[in-house]
Amino acid sequence: MAETVETEETVEEGQISELTPDDGITDATVEEGDTFPRDYVEKLRDENAKYRQRASDRDEIAARLHTALVAATGRLADPSDLAFDDEHIVDPDKMITAIDALLQAKPHLASRKPSGSIGQGVSVASDTVSLSGLLKANAS
């Protein structure tokens with residue numbers, strides 16, 4: 001059996017000493033802090049549970065809001081292409097900057113809207129229909 005040698009050291013004020021299990025400090029010798037009545041603790045726990053329940057779907061709602069804000073700009077074909085960031089919800093300028101950076105790096109993600117005459121929809125026609133008129137209209 002190994003011999004245990006006890007030494008006595010003094011600790012000056014402001015100096016930190018590390019306690020080890022050999023120092024004789026156990027859980028039983030540590031003083032317990034303040035205790036509170038059971039009904040008060042249960043009330044606090046119930047209140048905390050309500051706040052946890054409210055916050056449980058916060059991340060999902062924030063992600064949906066972020067997607068809606070990005071879609072409102074109309075600059076991306078798919079608003080979910082921009083990664084979620086809480087800062088985008090708080091500061092719209094950061095969101096616009098992030099969209100600009102994304103479109104600079106990946107221009108194929110931009111929203112594409114056809115403009116001009118694409119050959120569909122209602123066209124202005126005269127009262128008479130002629131084959132030469134149709135050919136001339138489609139020639140340009």
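Here is a walk through the structure above, from its overall layout down to a few single residues. Keep in mind that this is a predicted model, where local features need pLDDT of at least 70, side-chain atom pairs count only at pLDDT 80 or more, and totals for chains, interfaces and linings use all residues. Residues are numbered from 1 along each chain as its sequence is written, and side-chain values use heavy atoms, with hydrogens and water left out.

Let's start with the big picture. The protein chain has 5 helices and 0 strands, so reading from the N terminus you get α-α-α-α-α, where helices (H or I, at least four residues) and strands (E, at least two) are DSSP runs numbered from that end. Of the chain's 140 residues, 9% count as buried; buried means under 20% relative accessible area, exposed means over 50%, and partly exposed is in between (1.4 Å probe, protein chains only). Now for contacts, meaning heavy atoms within 4.5 Å. Among those between residues at least 6 apart in sequence, 40% join residues at least 24 apart.

Helix α2 (residues 58–73) packs against helix α4 (residues 92–105) at an angle of about 65°, with the axes 11 Å apart. Axes here are lines fitted to C-alpha atoms, for helices over the stretch in contact, and angles run from 0 to 180 degrees between N-to-C directions. That makes α2 roughly perpendicular to α4, a label for angles of 65 to 115 degrees (under 35 is roughly parallel, over 145 roughly antiparallel, and the rest oblique). Which residues of α2 and α4 make the contact? On α2 they are Leu-69, Val-70 and Thr-73, and on α4 they are Met-95, Ile-96 and Ile-99.

Now zoom in on Leu-82, which sits in the loop between α2 and α3 (86–90). Is Leu-82 buried or exposed? Leu-82 counts as buried because its relative accessibility is 9%. Leaving aside neighbours within four places in sequence, Leu-82 is in contact with His-66, Val-70, Leu-76, His-88, Met-95, Ala-98, Ile-99 and Leu-102. The C-alpha atoms of Leu-82 and Val-70 are 7.8 Å apart, although 12 residues separate the two along the chain.

Not counting residues up to four places away in sequence, His-66 touches Leu-82, Ala-83, Phe-84, Asp-85, His-88 and Ile-89.

Finally, find the rings. There is 1 aromatic pair, where rings of Phe, Tyr and Trp (its six-membered ring) pair if their centres lie within 6.5 Å. Phe-36 and Tyr-40 form this pair, at 5.9 Å centre to centre with 45° between the planes, which is tilted; planes under 30 degrees apart count as stacked, over 60 as edge-to-face and the rest as tilted. Phe-36 is exposed at 54% relative accessibility, while Tyr-40 is partly exposed at 39%.
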